[in-house]
Amino acid sequence: MATTDVASLLKEADQLFDECKVREAYELLSRKQTDAGGYETLWRLCRVIYSLTREFEVEPSQSKELAALIYEGYEYGKRALELEPDASAAHKYYAIFLAEKSGIEGLRERVMQLSNILRHLRRATELNDRDPFAWFVLGRFYHKLAGLAWFQRKMIHTFTTDIPEATFDDALGYFERAEQVEPNFFPLNHLMLGETYIALKEPKKARPFLELAANQQAPRTADDRLAQREAKALLKKL
């Protein structure tokens, strides 16, 4: 495929993604992937596949299709990283799909991959500290670790010793960094800021962020709708 044709393809895919036409973007990129399977196509495939996975409800009838998408995204992320080992997006999406893949392969595999996931997330932010989504994903990683019960932490340390003692303050710093890079870029970041402040027993600081997530006028994605639903539920408890 000629360079001009590839550029046109990527531009069209970006426009479809920006319009939340994720399925159409996926079909366009995957159809041309054999001809234009370079790094720029591969990371975009990861992006749209991740968005597609977020549309799934957790139910048995969809589990096989969801798993297939996760494995597909993982392979694209792996190839993107091989092609561009110093590209932030490659590390970011490889980490995301490694987490998703290990999650469906069992608890032991997920625990064994935690340090690899963290290493790639950190590398993504080192290579591009102006990517708010990379900071958000790193914050969510720390938030999940910080929320583990003591016995879950103990179990993790039976398999690995190089996972940090994550705190909610750590997670808060990353969510705040994402917001500093691009204010109001993602309602789910508002939700996570609210949840983290609640975990830190600072409900007054949580409220404005939860209200931002809850009061969206036109949620566009599954993550937007999730943020709105969860924020409304939390506001009722404050």
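At what angle do helix 7 and helix 10 pack, and how far apart are their axes? Select residues 132-146 for helix 7 and residues 187-199 for helix 10: the angle is about 30°, and the axes are 11 Å apart. Helices here are DSSP runs (H or I, at least four residues), numbered from the N terminus. Axes are lines fitted to C-alpha atoms over the stretch in contact, and angles run from 0 to 180 degrees between N-to-C directions. Helix 7 is therefore roughly parallel to helix 10, a term for angles under 35 degrees.

This is a predicted model, in which local features need pLDDT of at least 70 and side-chain atom pairs count only at pLDDT 80 or more, while totals for chains, interfaces and linings use all residues. Residues are numbered from 1 along each chain as its sequence is written, and side-chain values use heavy atoms, with hydrogens and water left out.

**Helix 7 against helix 10**

Show the side chains of F136, R140 and H143 in helix 7; they meet L188, N189, M192, E195 and T196 in helix 10. Contact means heavy atoms within 4.5 Å. The residues of this contact divide into 3 nonpolar, 3 polar and 2 charged. Ala, Val, Leu, Ile, Met, Phe, Trp, Tyr, Cys and Pro count as nonpolar, Asp, Glu, Lys and Arg as charged, and the others, Gly among them, as polar.

**The largest cavity**

Next select L145, L148, R153, I156, H157, I163, P164 and E165, which line the largest cavity. On a 1 Å grid over the protein atoms alone, a cavity is a set of points where a 1.4 Å probe fits but cannot get out; lining residues have an atom within 4 Å of a point. The volume of the largest cavity is about 70 Å³, taken as the space filled by probe spheres set on the points, which are joined across faces, edges and corners. Helix 8 (residues 150-159) gives the largest share of the lining, 3 residues.

**The second largest pocket**

Finish at F17, R47, S51, F133 and F186, which lie nearest the centre of the second largest pocket. A pocket is an open set with protein on both sides within 12 Å along at least five of seven lines. This one holds about 960 Å³ of space, and helix 3 gives the most to its lining, with 7 residues.

How values were computed
Helices (H or I, at least four residues) and strands (E, at least two) are DSSP runs, numbered from the N terminus. Angles under 35 degrees count as roughly parallel, over 145 as roughly antiparallel, 65 to 115 as roughly perpendicular and the rest as oblique.
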